[in-house]
Amino acid sequence: MIDWFSDLLFWVVFGLILFSLRGQRIFWTVGALGLLLLFNQFFTPGFFHIQLLDGHLYGSRIDVLNQGAKVMLLSLGMVLVIATGGVDLSVGAVMAIAAAVSSRLLVTEHQPAGVAIVVALAVSVLAGAWNGVLVAGFGIQPIVATLVLMVAGRGVAQLITEGQIINFLDPAMVYIGNGHLFALPFTLTLVLFMLALAFFLVRRTALGLFIESVGDNDEASRYSGINARQVKFLVYTFSGLCAGLAGLVACSNIKSADANNIGLYLELDAILAVVVGGTSLQGGRFYLIGAVVGGLFIQTLTTTMYARNVSSDISPVPKALVIIAVCLFQSESFRKRFSGFAQSLGRVPKPHGSGPRQNLSTVTPHDSPKP
Amino acid sequence: MATPLLEITALTKGFPGVTALDAVDFVLHRGEIHALMGENGAGKSTLIKVLTGVFPRDGGETRLEGQIIVPRSPREAEALGISTVYQEVNLIPHLSVAENICLGRQPTWLGAIRWRAIARRARVALARLDLTLDVNRQLSSYSIAVQQLVAIARALDVSAKLLILDEPTSSLDKTEVEELFKKLRKLREGGLGIIFITHFLDQVYEISDSITVLRNGCRVGCFATRDLPRIKLVSHMIGKAVQQVEALERKRASADSIRSEAPLLEARGLGRKGALQPLDLEIRPGEVVGLAGLLGSGRTETARLLFGVDRPDQGTVRVNHKAVRFNSPRTAIRYRIALTPEDRKVAGIIPNLSVRENIVLALQASRGSWRRLPVTEQEKLADQFIQALGIKTPSREQVMRNLSGGNQQKVLLARWLATEPKLFILDEPTRGIDVGAKAEVEKLIQSLRQEGLAVLFISSELEEVVRQSQRVVVLRDRRKVDELTEGEISEEAIMQSIATHNLERPVT
C-alpha cells in the first residue's frame with residue numbers, strides 16, 4: 001500500500017519534471033530514464049521496492065543513486081572536456097591513482113583520513129593538469145595525450161600500492177562510499193555538491209561560454225581573444241579532480257584499493273553518459289545536468305540488467321542497443337525520419353509521442369527557419 | 001593551323017542560384033603555356049573542375065586533339081591525358097617519393113606491388129624534369145618546392161598531353177619559382193600544353209604565351225601575352241574600362257575627420273618571411289586606410305601581422321607611440337585593435353552559439369572569465385546592436401549558423417564594436433554579402449570614422465576601396481608598391497600601381 005502510494009508520488013513528480021523540461025535538450029535524456037524506470041515498474045519485480053532501515057533508505061533506486069555516483073562524478077569532468085572538443089580517457093586510471101594514494105597514506109603511512117583524502121585529490125588534480133599540459137601546451141591530440149595516462153596511470157597506482165590490494169576500515173574513508181546523509185547515500189550529496197560547483201564554475205563565470213566557443217570554433221575563439229589554451233588546461237584539471245573523487249568513492253565502496261580494477265572501463269561509461277546527456281562529441285554546446293542524468297541512466301541500465309539476472313557476459317549487448325536508441329532519438333533529423341517512417345506504417349510513434357515533438361519543433365532554436 | 005590540343009566551346013555550368021560558367025570558349029595549342037586569369041569567383045576553378053571531370057557540365061563540348069571527350073572523374077581525365085597539379089601539394093607527406101608518384105597506378109604482379117618497378121618508374125618520371133631524388137625517401141623530407149615538382153612529375157607520369165597548374169607558385173620563393181619555370185619551358189618545348197593559373201601578374205608575363213581572362217563566369221577574351229599591357233589585363237579582370245575609370249563618379253569621403261596628424265598605429269619595416277616583404281604603414285584616428293591589391297598580394301597577411309595572428313619576424317609596430325609586440329590576438333585586443341577576418345566561417349563565427357553569445361564574446365574575453373557580464377547586460381548589448389546594425393534575426397537567441405552571410409558579418413562587426421576598438425581592421429567585410437547589407441556596412445564604416453576610429457579597410461573591389469578610403473596602400477606580390485593620398489585616389493591610379501612593373505617608390 002505504502003509502496004503503491006510512494007510509486008504514484010514518484011511518477012507524479014517525475015512527470016512534472018519531464019513536463020517542465022519539454023523543449024529542452026535534456027528532455028530526451030530524462031525521458032529515456034523515465035521509460036527505463038517505467039519498464040522496471042511493470043516488469044522487474046521489487047525494483048521499485050523501497051524501505052527505511054535505521055533511518056536510511058534502501059532499494060534498487062537508491063542503489064542506482066549510490067552506484068551511479070562514480071559515473072556521475074566522472075561525467076561532470078568529462079562533459080567539460082568533451083565540450084572543448086577533446087576527450088579524457090585517463091579518468092579510470094586517475095581513479096585508481098587516487099584510491100592507491102589515499103589507502104597507502106591511510107594504511108601504510110598511518111596518516112589521518114583528512115590528509116589521505118586531500119593528498120589523493122591533489123594528486124588527481126595534478127594528473128588532470130598533466131593531461132592539460134599535453135593537450136593545451138604541447139598540442140597533442142586529446143585522445144592520444146590522455147591515452148598516455150590511461151595506460152601508465154594504472155602502473156603508477158600499482159607502484160604506490162606496491163602491487164598489493166590495501167584494505168582499510170577507517171570510518172571516515174568508509175563513510176564516503178557507504179555513509180548516509182538525510183536518509184540518502186552520502187555519495188548523492190557529493191554528486192550534488194560537485195554539480196553545484198561545476199555549475200558555478202561554468203555558468204556563473206564566463207568559462208562556460210569560453211568552453212563552448214573553443215569547442216565550436218577554436219580558430220574563431222582565438223581571433224576573439226579567448227585564451228583557448230588556458231580553457232583547455234582548466235577542463236582537464238577539473239576532470240582530474242572529478243576522477244579523484246570518483247576514485248575515493250570507488251575504493252570506499254569496497255573498503256580497499258585494488259589498483260588493477262578500480263575504475264576499469266569507467267571512462268567509457270562517462271563518455272557514454274555525456275553523449276546520452278545530449279552533448280556532441282564534436283564539442284561546443286554542453287549540458288551539465290544532462291551528463292549527470294546520462295550517468296544515472298547508464299547506472300539504471302546496469303542495475304536493471306543485474307536485477308533481471310541478465311548474465312554479466314551478455315549484458316553489454318542490450319545495454320549497447322538501448323544506448324544507440326537513445327542517441328538516435330536525440331537527433332532531430334532521426335526523429336523526423338522515424339516519425340515519417342512510423343506514419344508510413346500507419347501508426348503514431350509510440351515511445352516518443354508526437355505531442356512533445358510538436359512542442360519541440362516550435363521551441364528549439366535549432367528549428368527556427370532561416371531569416 | 002593544326003587542330004588545337006584542347007578546344008572548349010560554349011562550356012556552361014551552373015550551381016543553384018549562380019551561373020559559374022556561361023558559354024566559355026577556350027583554346028590551347030601544343031607547346032603553349034596559357035594563363036587563365038580572373039579575380040576570385042570568376043570561374044577559373046570551375047572551368048578546371050569541369051574539364052577534369054570533378055563537376056559534370058551543363059552544356060558545351062570539349063575536344064582533345066579533335067576528339068570529343070566527356071571525362072566523368074579526374075581519373076578518367078587523367079587517362080585521357082589531362083593531368084592537374086593543385087595549389088596545395090596534393091600528395092601524401094609520409095609516403096616515399098616513389099610511392100607518391102605511382103600511387104593509384106602502382107605496377108603489380110599477381111596483386112603484389114612490384115616495389116622495384118615503382119622506384120624505376122618514379123626515377124623515369126623525375127628524369128623528365130631533370131630531377132634526381134632519392135625516390136625511397138619520405139616526401140616530407142624535401143622542401144615544398146621539390147614536393148611541388150614531384151607533384152608535377154606525378155602528373156606527367158601518365159602520358160599527359162595537357163598539364164594544368166593551379167597556383168603552383170603560391171608557396172614558393174623567387175628562386176624556386178625560376179627553377180619551376182625553367183622546367184615548364186622545357187616541357188613546353190616537348191610539345192606539352194600547359195594551363196597556368198596564378199594571381200601573380202609578374203609570373204604571367206614571364207612565362208605565358210597567351211592569356212584568357214574570365215570574369216563572372218564569362219570569357220572576357222583571349223590575348224597573346226605580348227599584345228596585352230598589364231593595365232589592360234587588370235582592367236579586364238576587374239571589369240572596368242581604363243578610360244572610363246577616371247570619369248567614374250566618386251562619392252568619396254573627405255579627410256575632414258582626421259583628428260590628429262599623430263598616427264594611432266605606426267608600422268615600420270613590418271614583415272614576415274614568405275608572407276610579406278617589409279612595409280611601412282600609418283593609420284590615424286578618424287581615417288580609413290584602404291589596402292588594395294589582387295588576391296594573394298599580401299593584404300590578409302598584413303592584417304594578420306597587425307592583429308598578432310602571425311608574428312612578424314622583422315620591423316616594429318607602435319600604438320600611440322608606444323612600441324608593442326603582439327604575440328596573439330589577445331595582446332592586440334588589449335590595445336583596442338579589432339579585426340573581422342576574411343574567412344568568416346573559419347575565423348569569425350561560432351556557428352552553434354547564439355547571436356547574443358557571438359556578440360558578447362570578444363568583450364567577455366577581454367574581461368576574463370571571472371568578470372562575467374550579467375545576462376541582462378548581455379541581452380541589452382545584443383538587442384542594442386541588433387537594432388543599431390539592423391541584424392535580421394528572429395531573436396537574439398537564434399543560433400548563428402542560421403543567419404545569412406550579411407547578417408553574420410554584422411554580428412561580427414557588433415562583436416568588435418562592443419569592445420569599443422580604436423583601430424578596426426576589416427578584411428573583406430563585404431565579401432559574399434548582398435547589396436543591401438553591403439551598403440549598410442559601408443555606411444557603418446563611415447560613421448565609425450567620423451567618431452574617430454582608425455580603420456584599415458581591405459577589399460578586392462577597387463570601387464569600394466576608392467569610395468571608403470582617405471589613403472590607399474597598394475600591394476603587389478606581397479610588397480607595398482605604392483601609397484596614394486587624398487586626391488590621387490582613383491581606380492585607375494590603383495590599377496596603374498598594381499600593374500606597374502617598376503616600383504615607383506622602392507620599399508626596403
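Is B:T316 buried, partly exposed or exposed? B:T316 is partly exposed, because 13 other C-beta atoms lie within 10 Å; a residue counts as buried with 20 or more other C-beta atoms within 10 Å of its own, as exposed with 12 or fewer, and as partly exposed in between, with C-beta atoms placed from the backbone. The model is predicted: local features need pLDDT of at least 70 and side-chain atom pairs count only at pLDDT 80 or more, while totals for chains, interfaces and linings use all residues. Residues are numbered from 1 along each chain as its sequence is written, and chains are lettered from A and ligands numbered from 1 in the order in which they are written.

B:T316 belongs to strand β16 (residues 314–319) of chain B. Helices (H or I, at least four residues) and strands (E, at least two) are DSSP runs, numbered from the N terminus. Residues up to four places away in sequence not counted, B:T316 touches B:R268 and B:A323, where contact requires C-beta atoms, placed from the backbone, within 7 Å. B:L47 lies 269 residues from B:T316 along the chain, and 43 Å separates their C-alpha atoms.

Chain B as a whole contains 18 helices and 22 strands. Its radius of gyration, 25 Å, is close to the 23 Å that the globule rule gives for 508 residues, so chain B is as compact as a globular protein of that length. The radius is taken over C-alpha atoms, and the rule is 2.2 Å times the number of residues to the power 0.38. Along the principal axes, the C-alpha atoms of chain B fill a box of roughly 70 × 55 × 45 Å. Of the 508 residues in chain B, 47% are buried. Among contacts in chain B with a separation of 6 or more, 68% link residues 24 or more positions apart.

An open sheet of 6 strands in chain B has the order β6-β9-β10-β3-β11-β12 and mixed pairing; strands pair if DSSP finds at least two bridges between them. The edge strands, each pairing on one side only, are β6 (82–85) and β12 (218–224) of chain B. Direction ignored, neighbouring strands of this sheet are turned by 20° against each other on average. Within the sheet, β3 (residues 33–37) and β11 (residues 210–215) of chain B pair in the parallel sense over 4 bridges, and B:H34 has B:S210 of β11(B) as its bridge partner. Helix α5 (residues 144–157) of chain B lies across β6 and β9 (162–166) of chain B, at about 170° to β6(B). Axes are lines fitted to C-alpha atoms, for helices over the stretch in contact, and angles run from 0 to 180 degrees between N-to-C directions.

In chain A, strands β1 (residues 50–53) and β2 (residues 56–59) run antiparallel and are joined by 4 bridges. These strands of chain A form a hairpin with 2 residues between them, and A:D54 in the turn has a positive phi of about 50°.

The contact between the chains takes 33 residues from chain B and 25 residues from chain A. On the side of chain B that touches chain A, α13(B) gives the largest share, 6 residues.

The largest nonpolar core has 252 residues, of which A:L73, A:M95, B:I425 and B:L456 touch the most other members. Such a core is a set of buried Ala, Val, Leu, Ile, Met, Phe, Trp, Tyr and Cys residues joined through C-beta atoms within 7 Å. Helix α11 (residues 228–254) of chain A supplies the largest share of this core, 16 residues.

Definitions and conventions: Contact = placed C-beta atoms within 7 Å.
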